[in-house]
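Dear colleague,

Please find the structure below, followed by a summary of what was found in it. I would be grateful if you could read the two side by side.

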Amino acid sequence: MADPSDPGLLTAAETSLLVDQYELAMCASYFRRGRTEEATFELFTRKLPPRRDWLLAAGLGPTLELLRALRFDEAQLDYLSGLGFRDDFLAHLGDFRFSGDVDAMPEGTLFFPDEPVLRVTAPRIEAQLVETLLLNQINFQSMVATKAARVVLAAGGGEPGAGECVVDFSPRRDHGIDAAMKVARSAAVAGVRGTSNVAAAMRYGLAPVGTMAHSYVLSFPTELEAFCAFLEDFPQNTTLLVDTYDTLEGVRNAIRASERTGVALLGVRLDSGDLLDLSRASRDLLDQAGMPDAGITVSGDLEEDRIAALVTANAPISSWGVGTELGTSRDAPVVNGVYKLVADRTGPGGEWRGVRKRSEGKGTVPGAKQVWRRRDRSGVMSGDTIAGLDEGGPPGAEPLLVPAMRGGEPCHHESLERIRARSERSLASLPHRLRIPAVQGEPYGVALSERLEAALRD
């Protein structure tokens, strides 16, 4: 029976059982039959989600740490014993340590359909057991980072450096505690520097951002009294929520409260109504009061299309609080990444052989692969080539997958600041037609090498 007090969070040991049951069954069969040779699996997406021209890689750093720490302890082994798994296989799991190699696109790299974003080479059982964990981590975090990147581009009018003015307001709508933390980090990967999630701000070194709720204003006899109290109690955080009653009267009361208390007003926040008209009228009131530096923050079911329209209309908005749409990516809530066997060391002399799934609509390309990215003279991305790992790439092209883990130990360590800088460079290198969130441009060019094309014809 489930424990009603269970918070629903996995312990480090329980993470070892974040597998689909059939992976354990396959691995038990591999073990019984001595199928422990090395194998290579690749994680990729077959097609883009709706309204997406690209995806932004995220989640690699935390995922490598989860791989490094994977262990089966006594409780997990006892449970598996009750499911009928043999003692010799359970003893093997008791000694489990991921010892494989991982190559991956660094976080903040743009990727496209059929491109391996991560490659695992490890003894077959190890490589198979981590499938669900890898998909669970990379799919979700890349989905959120992509949504956040679209929001950042919209806020910047198609330019990527607007992360300073976007704030993650999502934790109350995110799908659980773990998701709320991952959303804040993934948004930071895409350039977002502020979050209302204080736990995430502490863990990831983000700026904790917040104003007040309508309940605070309603707790005082008048809006003016509420504003005066807040300015006096938090003179370092003086952005006031002005739409509890009448928005423009709320702006006037914010101005009056600042004048009455002598505390400078940092800005006002609009959470409802016609944000274009209200932001313009609010700007006029603030300027007339001699407060040209007071900013206007907006929130309330914002997403990239609404933001882009407001930016195009020159709305005088200084920051954007994005919640539900950021944390759930409501218009495209799933990245359908898959994890497929592409090669194993089962040739007659122990050499590698490529393997290929031929299912209609779900076929795969055999062999371990690298992705090569070409850029024009101005640094704009001009096309990708997926090639065999031993082929090399076109002249001047950049290989995208880099060593991330060797022998079970992470070898790729990056700060969020460095990842954020890569995201900004990646987004800046997008062809301009792919930077406008409301318009899907001509698809970006991704091609297979001639050798891989020939392999598919065999």
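**Sheets, helices and one buried glycine**

In the predicted model, four strands, in the order β17-β15-β16-β20, make up an open sheet of mixed pairing; two strands pair if DSSP finds at least two bridges between them. At its edges stand β17 (398-399) and β20 (446-448), each with a single partner strand, so one side of each is left without a neighbour in the sheet. Strand β15 (residues 369-375) is joined to β17 by 2 bridges in the antiparallel sense, and Arg-373 stands opposite Glu-398 in β17.

As to conventions, this is a predicted model in which local features need pLDDT of at least 70 and side-chain atom pairs count only at pLDDT 80 or more, while totals for chains, interfaces and linings use all residues. Residues are numbered from 1 along each chain as its sequence is written, and side-chain values use heavy atoms, with hydrogens and water left out.

The chain holds 16 helices and 20 strands; helices (H or I, at least four residues) and strands (E, at least two) are DSSP runs, numbered from the N terminus. Its C-alpha atoms fill a box of roughly 85 × 60 × 35 Å along the principal axes. Of its 458 residues, 52% count as buried, where buried means under 20% relative accessible area, exposed over 50% and partly exposed in between (1.4 Å probe, protein chains only). Among contacts (heavy atoms within 4.5 Å) between residues at least 6 apart in sequence, 73% join residues at least 24 apart.

A further open sheet is formed by 7 strands in the order β8-β7-β6-β12-β11-β10-β9, with parallel pairing. Its edge strands, β8 (207-208) and β9 (239-241), each pair on one side only. Within this sheet, β11 (residues 295-298) and β12 (residues 319-322) run parallel and are joined by 2 bridges; Thr-297 stands opposite Ser-319 in β12. Helix α12 (residues 275-288) lies across β10 (267-270) and β11, at about 160 degrees to β11. Axes here are lines fitted to C-alpha atoms, for helices over the stretch in contact, and angles run from 0 to 180 degrees between N-to-C directions.

Helices α7 (residues 177-189) and α15 (residues 416-428) pack with their axes 8 Å apart, at an angle of about 55 degrees. The two are therefore oblique to each other (angles under 35 degrees count as roughly parallel, over 145 as roughly antiparallel, 65 to 115 as roughly perpendicular and the rest as oblique). Arg-185, Ala-188 and Val-189 in α7 meet Leu-416, Ile-419, Arg-420 and Ser-423 in α15.

In helix α2 (residues 60-69), Leu-60, Thr-63, Leu-64 and Leu-67 are buried. Seen down the helix axis, the buried residues of α2 fall within an arc of 100 degrees, so they line one face of the helix; the arc is that of the directions from the helix axis to the C-beta atoms. Their cover includes β3, β5 (118-123), α6 (131-155), β18 (402-406) and β19 (409-410).

Finally, Gly-100 sits in the loop between α4 (87-94) and β3 (101-104) and is buried, with a relative accessible area of 2%. Apart from neighbours within four places in sequence, Gly-100 is in contact with Thr-121, Ala-122, Glu-126, Met-405, Arg-406, Gly-407 and Gly-408.

With kind regards
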